Amino acid sequence: MFRKEVEESMILYPDGKMEKARVEIRYDPLTLQTSRIVQKTPPFAELEEGEDPFCPFCDGVIEKVAARSPVLRDGIAWRGEAAIFSNITPYSRYSFVVRLTRSHSPAVEDFRTSHFRDALMLIKETMSLIDCEDSHKYYHFAGINYLKSAGGSVRHPHMQYIASQIPTNYFLRLDEKAREFYEKAGVDYWTWLVEAEKEGERYVGETNGVDWVAAFAPKGFYHLIGVCSERTLAEMKKESLEGIGQGIIRYMSFLKSKSMNAYNASIFFADGRGEHFRTHIHLVARTPMSRFYWNDTFFMKIIHDESIVYTLPEAFAAEFRGFWDGG
Ligand SMILES: [Zn+2]
């Protein structure tokens with residue numbers, strides 16, 4: 001009944017010190033819902049109100065403090081303004097941080113599609129290194145916690161990339177349900193979704209082969225789903241990665257127009273999965289980061305696992321559509 005699995009992650013510190021971090025993945029004895037116990041507390045900065053913290057991702061600091069990954073040739077890899085390195089609080093065997101921009105706190109207008117393209121290129125390259133080093137099948141996913149009210153511990157824009165042999169709850173559910181769907185329908189769920197939504201009231205637009213749709217049953221505020229026309233990250237060209245970036249930037253601009261800013265995003269990569277799975281991204285807005293922000297993850301979400309939103313997805317899509325070309 002008390003089942004658990006363990007993944008170990010190797011962290012190389014810039015001074016050459018090595019650390020093995022242990023991640024326990026435990027199954028709830030009754031529901032089998034998993035929890036990850038990372039026996040390493042993230043470094044919480046003690047701050048006075050308004051003070052800008054020491055930033056590990058700024059130029060000049062990142063080279064000195066970023067944890068190295070044994071998978072990468074120099075422990076850290078660069079592309080444009082983006083850099084990929086080990087997460088010092090790993091969530092699985094392979095757990096990375098990808099810095100997105102040189103600027104510590106860029107305005108929405110300062111984000112470029114190239115920032116996301118370069119970060120995703122680094123993830124693509126790192127994924128191929130993991131796959132040749134390790135024959136195990138991994139679940140690959142990326143995530144963004146943008147700003148503190150969305151759970152971001154560091155202000156400097158960054159993504160995470162995680163490869164785990166054990167899927168998260170939602171990834172497992174998606175994978176299983178998508179396989180059932182594919183067996184019945186003969187087409188993957190996300191291709192079907194785009195087809196079904198394309199002329200409908202929840203379709204928002206397209207960026208370089210990525211179709212954007214408001215989620216029918218949203219997991220949070222302004223839940224947007226982007227579906228990639230190329231199935232896996234390995235197949236994606238630079239243009240497709242720019243398409244993902246373009247959608248994220250338009251979403252950020254839309255949030256700004258609503259006086260919002262914080263959001264979470266996650267990309268589920270189809271790499272390592274079968275034909276039933278297609279790479280797609282979820283974006284969910286969070287309560288805006290301001291001095292007295294409230295946290296929208298209250299008991300309904302944290303204990304009941306139930307999402308609450310205040311806008312109909314159809315109304316969100318209509319508004320975002322109007323904003324899409326002119327915004
Ligand atoms: Zn910074």
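This is a predicted model: local features need pLDDT of at least 70, side-chain atom pairs count only at pLDDT 80 or more; totals for chains, interfaces and linings use all residues.
Are Y139 and F171 buried or exposed? Both residues are buried.

1. **The Y139–F171 pair.** The ring centres of Y139 and F171 sit 5.2 Å apart and their planes meet at 80°, so this is an edge-to-face pair; the angle is over the 60 degrees that this class asks for. Y139 belongs to strand β7 (residues 139–146) and F171 to helix α3 (residues 169–185), so the pair ties together parts that are 32 residues apart in sequence.

2. **The Y222–F316 pair.** Here is another ring pair to look up. Y222 and F316 are 5.1 Å apart centre to centre, with 55° between the planes, and the pair is tilted. Y222 is in strand β11 (residues 221–228) while F316 is in helix α7 (residues 313–324), so this pair ties together parts that are 94 residues apart in sequence. Y222 and F316 are both buried.

3. The structure holds 28 aromatic pairs. Ring pairs link F111, F116, Y146, Y222, Y251, F254, Y263, F316, F320, F323 and W324 into a cluster. You will meet F116 again in point 4 as part of the contact of α2 with α5, and F316 in point 5 as part of the contact of α5 with α7.

4. **Helix α2 against helix α5.** How do these two helices lie? Helix α2 (residues 113–133) packs on helix α5 (residues 238–257) at an angle of about 125°, and the axes are 8 Å apart. The two helices are therefore oblique to each other. The crossing of α2 past α5 is right-handed. On the α2 side the contact uses T113, F116, R117, L120 and M121, and on the α5 side K238, L241, E242, I244, G245, Q246, I248 and I249. By type, the residues of this contact are seven nonpolar, three polar and three charged.

5. **Helix α5 against helix α7.** Helix α5 also packs with α7, at an angle of about 110° and with the axes 11 Å apart. That makes α5 roughly perpendicular to α7. From α5 come G247, R250, Y251, S253, F254 and S257, and from α7 come F316, E319, F320, F323 and W324. The residues of this contact divide into six nonpolar, three polar and two charged. Several names here return from the ring cluster of point 3, including Y251, F254 and F320.

6. **Two loop residues with positive phi.** Worth a look if you check backbone angles. L32 has a phi near 70°, a positive value in a residue other than glycine. L32 is placed in the loop between β2 (18–27) and β3 (34–38), and with 53% relative accessibility L32 counts as exposed. For D305, phi is near 60°, again positive in a residue other than glycine. D305 is placed in the loop between α6 (299–302) and α7, and at 39% relative accessibility D305 counts as partly exposed.

7. E235 lies in the loop between β11 and α5 and is partly exposed, with a relative accessible area of 40%. The C-alpha atoms of E235 and V154 are 31 Å apart, and the two residues are 81 residues apart along the chain. H136 lies in the loop between α2 and β7 and is partly exposed as well, with a relative accessible area of 45%. From C-alpha to C-alpha, H136 and Q165 are 7.3 Å apart in space, while in sequence they are 29 residues apart.

Notes
Residues are numbered from 1 along each chain as its sequence is written. Side-chain values use heavy atoms; hydrogens and water are left out. Axes are lines fitted to C-alpha atoms, for helices over the stretch in contact, and angles run from 0 to 180 degrees between N-to-C directions. Helices (H or I, at least four residues) and strands (E, at least two) are DSSP runs, numbered from the N terminus. Angles under 35 degrees count as roughly parallel, over 145 as roughly antiparallel, 65 to 115 as roughly perpendicular and the rest as oblique. A crossing is left-handed if the near helix is turned anticlockwise from the far one by less than a right angle, and right-handed if clockwise. Contact means heavy atoms within 4.5 Å. Ala, Val, Leu, Ile, Met, Phe, Trp, Tyr, Cys and Pro count as nonpolar, Asp, Glu, Lys and Arg as charged, and the others, Gly among them, as polar. Rings of Phe, Tyr and Trp (its six-membered ring) pair if their centres lie within 6.5 Å; planes under 30 degrees apart count as stacked, over 60 as edge-to-face and the rest as tilted. Buried means under 20% relative accessible area, exposed over 50%, partly exposed in between (1.4 Å probe, protein chains only).
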